[in-house]
Every structure is written in C-alpha cells, then in structure tokens.
Amino acid sequence: MKRRDLLRSGMAAAGWMAGAGLAQADAGLTTVPAPYLPGPHRDPLDPPYPDLLSMARAYYRHSGYGQVLTLRDQGTLLVMGDREGARVQHAYNGKWYWDCHRIGSLYNLGHRHPEIRQAVMDALVQLEIGDAYYLSGWRAQAAEKLAASTGGVLPGVSWAASGSEANEAALKAARGFTGRRKIVTIDDCYHGHTGLMIAAGGNDGDKDRYLLSYPDEFARVPWDDLDAMDAAVDDQTAAVLLEALLAKNGFKEPSPGYYAGVLDICRQNGALLIVDEVITGIGSTGTLWYLEQQGIDPDMLTTAKGLSGGLIPNAAMLMSQPIYDWFASAFQGHQTTFGGSELGCVATSATLDVVQAPGFLDNVNSLAQQFFDGFQGASFGVTGAGLCLGLQLPEPNNTEALKALFDAGVLAAGSRISDVVQLRPPLILDSTEAAEIIDVVRTTLDGLYA
Ligand SMILES: Cc1ncc(COP(=O)(O)O)c(C=O)c1O
C-alpha cells in the first residue's frame, strides 16, 4: 500500500474507533446532559462547555480518552468547577468534595490561598514569565529563601517547571559531577513521567510501553532494606534517588537509622544521595522538609507541586556547595524556559512565607495527631507522617474504597499497591473540618470492612 493510502486507512480506522468509543463513553456518562453549575466564585466566567456530555466528548476526542473511560468506569468522574480552601465543587452536579487527593502536594495550602493569590495578582501588574536567559531579582530571592530553608546545607538552586524536570536536573548533575551513570532507586517509586524518570521509576509497564528500560544503568531495591541497598550501590553508582517517603506504600516511615545508613553507603562508595520531596515537602509531613525529621543532609533535594501554592508552576533542585560549584559553572546547568519564572518565584516566596510563619507547622502537627487519633481502632490501619497518610486496607481493593470515599464526598488517591489508599488532607484545615473528614472516612471505610 502507498504511504498516502496507508495514512488514509489509518485515519479512517482512528475515526471509526473514536466514534465507537465515544458512543461507549456516552453510555456510561448520562443520558440527560448535566448542566454547568456556576459556583460562588465562577459567575463571571463562561464555562467552556455548557454540559457534562459535550465536555466529556471533547475531552474524549482530543485530550485523553483513556482518562475519560477510566474515571467513568471507576465512578470517580469529577470535573472541577469552583474551588476554595480544602474543597472543590463538581462543575456539573454541584457536589462539594474534601480535597484529600490534592494531586500529591500541589494543594498543600488548599485552593486559591488568599496570600499566594494576592502576591501573584500584585505581581501581574508588572511581571510575567520573565526571560530565563537574563538575571531576575525574583528568582534570586526565591532561591535565597530555599537555600535558607535548608540551613545553608543546600545553597545552590536550579529551577524547573515540574517535579520530573527537577529530578532530571538532579540526575544530570549527579552523573556529570561523579562521571558515573548508575542510579539506584526503590521498588514502586515514582519520580515523574519524563524519559529518565520512567527509566528510574518503579513502573515496568511504562518502561516497556515507551522503550525506556535500561537495566544496566538503573537498579531498584526494596524500601527500608539496607542490605539490599548495600548490595546495589557500588563504585559505578552516581546516586541513590529516594522519595523521602514512598507514596505508593502509604508513606510508611522507615526503620530508625535507615536514612543515616543509606547516606553512609553512599559515602563509602562515592555516590550521591538525592531526596525527592515533591510530595513530602512544603510542610506536608509537619516539617518544611521531611528530611529534617531524619537529621541527615542529602547532596540534592527536589521540590515541586506545592512549591508555588498551586497557582503557577514552579519546581527546584537544591544542591550542596560542591555540586553547585560544578553544576553552575555552565551558563545554565539546566536550561528551562518556564522553570523559575518570575511569577512562579513570586508564588514560591509567598508560599515559603506562609508555611514558615509562626504556628503554621504546629497546626499541621496537631491536625496530624487528630487524624491518627481519629482513626484509632478503625477497620483499616494508618501509616505516614504529618498529613501524608496511608490508609492500609484489610483487603486489596483500593479502587472500591476510593469510589466509596468519592461517593461520600472525599477525594483520595490510589496506589499500585492495591491495599493502600493515600489520604492527603490539605494543611490549612481547621480542627472542625478535620473532624468532619475523619468521620466521613471512618464511617465509609468501616462500612466496607468492619
Ligand atoms: C514523588 C514525586 N516525584 C516527582 C513527581 C513528578 O512531578 P511532576 O508531575 O510535577 O512532573 C511526582 C508526581 O506525582 C511525585 O509524586
């Protein structure tokens, strides 16, 4: 067949498949289109689609039909409309949900936090993305605050626009600095969805799908297993890359001495330690960085998501003096147009001010205590630190649990480990709101398991 005919038949097949799938998707959505319901803060905005069906059809055709079908089949098809503080509203049926999904830690400070919003709105009078080629005081100021947040242990900052990109920068720095290629990570880890991060990550299906499997360069070991770590790290290892706590297992804290042991193994072999605080950072475990609780200094730390209050993307890789001295000797060790944008850095500075304000983290810790106490004696176990919680289910059916929680008005996150649900309450709750969430979660899951 000629190339032109091949293209034509391919397009016809694609059109047919999309049409068939669309009917299939329609079937499960609704026969009566749900109208768009403007929330209290959305009145001036025209909704892009007036009803759920037309929105889902457009999404299905152009923005990801696998996502539409999966959410529909799970019974968790949410379209976020209005949002405020710890809650979001379904744009088409008006129902409000507690956002304990918070897409990792993006909404640590809840939605549209007034101080971050104000800082960004003020900045918009003069600023925009900015030009990464030139210098910027906003970038310098945010970097200085980040360096100070580590007590000066990690004084160098390289900007990025996402957690994956910050981790890419860290791996580049580790390989360039050490002149070695091998990276050791943890089973079931997730560090992002760019090429190197899929190669480093814990999902073999992704590696196969995108042809990103490099077993000679990336090794994985079980969480909290120092013997396995010791066996994997050698004189060819550039770095160990760890999620500060592993989200997939429900943020289980490691045995005492684990982190110190990993650092020791790295030091003995001339390898670096990179800690990914994309979920655990910015206060969500009760300290600004989880590593503060472990009392060790890594060589690099990555942060993203909540780093800019959920309003503008921003991410960063923080590094020790020797790594900075090498990495920053290039014009830009990591080049990025959107990373470290001026608006992003304004949001980052404001976010760090909010989280480090007196009393803020005290409230996170007392909320965490309230959650742990509130789940005592429930039909499920609780793991984690601060407000990064893992609900350990008695049965491996977290999809059912997530659906039940969704129906009860609580958004939470799943895990490939199917008896784990991640519950990540926003850090700005008051104790009455926390009590309500605890009650709903407990009643719902006890209804399933007790
Ligand atoms: C621990 C961790 N690292 C990195 C990432 C990737 O961040 P991003 O989606 O901003 O690329 C994620 C995203 O969920 C994450 O959970």
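How many residues of domain 1 are in contact with how many of domain 2? Let's find out with the model open.

Before you select anything, note that this is a predicted model, where local features need pLDDT of at least 70, side-chain atom pairs count only at pLDDT 80 or more, and totals for chains, interfaces and linings use all residues. Residues are numbered from 1 along each chain as its sequence is written.

**Stop 1: the two domains.** Colour 37–107 + 358–450 as domain 1 and 115–356 as domain 2; these bounds come from an automatic or database domain assignment. Their C-alpha centres lie 26 Å apart.

**Stop 2: where they touch.** Here 25 residues of domain 1 are in contact with 26 of domain 2, contact being C-beta atoms, placed from the backbone, within 7 Å. On the domain 1 side, select α14 (360–374), β11 (381–385), β12 (388–392) and β14 (420–423), the elements that each give two or more residues. Helices (H or I, at least four residues) and strands (E, at least two) are DSSP runs, numbered from the N terminus. This side has 14 nonpolar, ten polar and one charged residue; Ala, Val, Leu, Ile, Met, Phe, Trp, Tyr, Cys and Pro count as nonpolar, Asp, Glu, Lys and Arg as charged, and the others, Gly among them, as polar.

**Stop 3: Met-300.** Beyond its neighbours within four places in sequence, Met-300 contacts Ala-170, Ala-173, Leu-272, Ile-274, Met-317, Leu-318, Met-319 and Ile-323.

Terms used: Two residues are in contact if their C-beta atoms, placed from the backbone, lie within 7 Å.
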